[in-house]
Amino acid sequence: MMKQSTLTDVTLYLIGCGKMGSSLLRGWLRKGATLENISISDPHPSQWLVALSGDGLRLNPSQIPSPDVVVIATKPQLIKNLGNTLSAFKASETLFLSIAAGTNISTLSEICGLRSAIVRAMPNLPASIGQGVIGFFANKHVTHEKVQLARTLLSAVGDVVELSHEEQLHAVTAVSGSGPAYVFAMAEAMESAGISAGLPRDIAQSLAINTIKGAGALMATSESPPCKLRSNVTSPHGTTQAALAVLTDDANGLKGIIEKTVSAARNRSVALSQTGS
Ligand SMILES: NC(=O)c1ccc[n+]([C@@H]2O[C@H](COP(=O)([O-])OP(=O)(O)OC[C@H]3O[C@@H](n4cnc5c(N)ncnc54)[C@H](OP(=O)(O)O)[C@@H]3O)[C@@H](O)[C@H]2O)c1
């Protein structure tokens, strides 16, 4: 039987335990999931998984009873090979939760069953330290109880937002999925500008990283939105105002660049979901 607020009694089958699968598993264990209730399939399990199997985790079992949730975390191009494994649960109450980028619900339904409850989610890289942001969409067969269960599983690695349309996952991919790379690029640019302004590389890098870290933590905890925080820190005729006159220039400023950046990522996500390459 499923429990929503705790993972203690939830039975899980994780297919693919690489970077994101391991992050999820760590999160579930932090949230109280029970090792004996978790089965994992992965062709080259890490030493960590092998050690956990000594404590009760079921590693590469030949058969498992229908779990509450099957989590699909292999590379997207491998999902079609999982037909026999996934279709074995199609007549059950199992919830299928896929994090595979670009694999849409209709493709998943063909494999997992046309009437199966399927959730598609898009996490991002900071999920690896439990600070991701995850957008998800649930098909019409997912009951309220199962939506809550999906939320509980995904919130183990970050903040979760539910989407009303599957198409919105392209925008999530473009804003938060690829977003960490935009922030890394910003840190690189600040580091290089700091060097040009006269600082040694290590100091310029430390200033860039810790400024982004501190500003991010402030945004996450403040009640003020980013535009208010920005205006609060901008004294008339001061250094920040001089800087923002360049950064927010209407013609060549950051807003236009980020619009184009997100649009390029979104277009690529749409193309990948249509062609797979
Ligand atoms: N990493 C991210 O930041 C991120 C963000 C959003 C979404 N995702 C999605 O998450 C999924 C996994 O990404 P990842 O970065 O974690 O990839 P990954 O590190 O390559 O993990 C995939 C794992 O699946 C295993 N695998 C391969 N064939 C399998 C099979 N038939 N049955 C069971 N396991 C199998 C792989 O084993 P071998 O390596 O031995 O082949 C590997 O351990 C992808 O679909 C990706 O689109 C990832």
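Author: Let's start at His237, which sits in the loop between helix H9 (226-232) and helix H10 (239-247). Helices (H or I, at least four residues) and strands (E, at least two) are DSSP runs, numbered from the N terminus. This is a predicted model: local features need pLDDT of at least 70, side-chain atom pairs count only at pLDDT 80 or more, and totals for chains, interfaces and linings use all residues. Residues are numbered from 1 along each chain as its sequence is written.

Reader: Is His237 buried or exposed?
Author: His237 is exposed, with 6 other C-beta atoms within 10 Å. The cut-offs: buried means 20 or more other C-beta atoms within 10 Å of the residue's own, exposed means 12 or fewer, and partly exposed is in between; C-beta atoms are placed from the backbone.

Reader: What is phi of His237 near?
Author: Near 65 degrees, a positive value in a residue other than glycine. Asn60 also has a positive phi, near 45 degrees.

Reader: Where does Asn60 lie?
Author: In the loop between E3 and E4. Asn60 is exposed, with 12 other C-beta atoms within 10 Å. Gln63 lies in the loop between E3 and E4 too. Gln63 is exposed, with 6 other C-beta atoms within 10 Å.

Reader: New topic. How many helices and strands does the protein chain have?
Author: The protein chain has 11 helices and eight strands. Its C-alpha trace spans about 70 × 40 × 35 Å along the principal axes. Of its 277 residues, 31% are buried.

Reader: What order do the strands of the sheet have?
Author: The order is E3-E2-E1-E4-E5-E6-E7-E8, in an open sheet of eight strands with mixed pairing. Strand E3 (58-59) and strand E8 (158-162) are the edge strands, each pairing on one side only. Two strands pair if DSSP finds at least two bridges between them.

Reader: What holds paired strands together?
Author: Strands of a sheet pair through backbone hydrogen bonds, either parallel or antiparallel.

Reader: Why is E6 called largely enclosed?
Author: Because six of the six residues of strand E6 (residues 117-122) are buried. Both faces are covered. Ala117, Val119 and Ala121 are buried on one side, and Ile118, Arg120 and Met122 on the other.

Reader: Which strands pair with E6?
Author: Strand E5 (residues 95-98) pairs with E6 in the parallel sense over four bridges. There, Leu97 has Val119 as its bridge partner. The chain gets from E5 to E6 through helix H4 (residues 105-112), a right-handed β-α-β crossover. Right-handed means that, with the strands pointing away from the viewer, the path from the first strand over the helix to the second runs clockwise. Strand E7 (residues 132-138) pairs with E6 in the antiparallel sense, over four bridges. Val119 has Ala138 as its bridge partner in E7.

Reader: What does Phe137 touch?
Author: Arg120, Leu163, Glu166 and Leu169, not counting residues up to four places away in sequence. Contact means that the C-beta atoms, placed from the backbone, lie within 7 Å. Phe137 is in strand E7. Phe137 counts as buried, with 21 C-beta neighbours inside 10 Å.

Reader: Now the ligand. Which residues come nearest?
Author: Gly16, Gly18, Met20, Ala100 and Ala101, out of the 25 residues around the ligand. Near means a C-beta atom, placed from the backbone, within 6 Å of the molecule.

Reader: Which helix gives the largest share of that shell?
Author: Helix H1 (residues 19-30), with three residues.

Reader: How far does H1 reach?
Author: H1 has 12 residues and reaches 17 Å from its first C-alpha to its last, close to the 16 Å expected. The expected span is 1.5 Å times one less than the number of residues.

Reader: What do the buried residues of H1 pack against?
Author: Strand E1 (12-15), strand E4 (69-72) and helix H5 (144-154). Those buried residues include Met20, Leu24 and Trp28. After H1 comes Gly32, with a positive phi near 95 degrees.

Methods:
Contact = placed C-beta atoms within 7 Å.
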